[in-house]
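Here are a few exercises on helix packing to work through with the model open beside you. Try each task before reading its solution.

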Amino acid sequence: MTRTYIYILVAALVSTFIRILPVTVFRKQIKNRFIRSFLYYVPYVTLAVMTFPAIIDATQVKLAGIIALVVGIIAAWFNQSLFKVAALCCVVVFIAELILI
């Protein structure tokens, strides 16, 4: 068996273990406020940790990504829709890269 198949098998086992473990360990409703709060925010933190570096690294010039990130945060702060924020960030990156390259 090649190393690639071993890596795929290990990834599948770890992924399955992570999904099955909570179902087998936590049979009752979780009443601890701290743990409930922690589990509530885990998806948001995970999404942020994966998204923010990608925003900066996906552009040809890192400064364009940083500018778009700041503009996106400001637009979201003023309650713009997700589509408007994404479109605005794309336009900002396009214009910033035209100027910076």
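**Exercise 1.** Find which residues of α2 meet which residues of α3, and describe how the two helices are oriented.

*Solution.* Start with the contacts in this predicted model: from α2, Phe52, Ile55, Ile56 and Asp57 meet Lys62, Gly65, Ile66 and Leu69 of α3. Sorted by class, this contact holds five nonpolar, one polar and two charged residues. Next, take the geometry: the axes of α2 (residues 33-57) and α3 cross at roughly 130 degrees and come within 7 Å. Angles over 145 degrees count as roughly antiparallel and those from 65 to 115 as roughly perpendicular, so α2 and α3 are oblique to each other.

**Exercise 2.** Which residue forms a salt bridge with Lys62?

*Solution.* Asp57 is the partner, with 2.6 Å between the closest N and O atoms. The count by this rule is one salt bridge.

**Exercise 3.** Work out how α3 and α4 are oriented to each other, and what kinds of residue make up their contact.

*Solution.* First, the geometry: α3 (residues 62-77) packs against α4 (residues 82-100) at an angle of about 150 degrees, and their axes are 8 Å apart. The cut-off for roughly antiparallel is over 145 degrees, so α3 and α4 are roughly antiparallel. The crossing of α3 past α4 is right-handed. Now list the contacts: Leu63, Ala64, Ile67, Ala68, Val71, Gly72, Ala75 and Ala76 of α3 meet Val85, Leu88, Cys89, Val92, Val93, Ala96, Glu97 and Leu100 of α4. Finally, by class, the residues of this contact are 14 nonpolar, one polar and one charged.

Technical notes:
Residues numbered from 1 in each chain as written. Predicted model: local features only at pLDDT ≥ 70, side-chain atom pairs only at ≥ 80, totals over all residues. Heavy atoms only, no water. Axes fitted to C-alpha atoms, helices over the stretch in contact; angles between N-to-C directions. Helix = DSSP H or I, 4+ residues; strand = E, 2+ residues; numbered from the N terminus. Parallel < 35°, antiparallel > 145°, perpendicular 65-115°, else oblique. Left-handed = near helix turned anticlockwise from the far one by under 90°. Contact = heavy atoms within 4.5 Å. Nonpolar A, V, L, I, M, F, W, Y, C, P; charged D, E, K, R; others polar. Salt bridge = Lys/Arg side-chain N within 4 Å of Asp/Glu carboxyl O.
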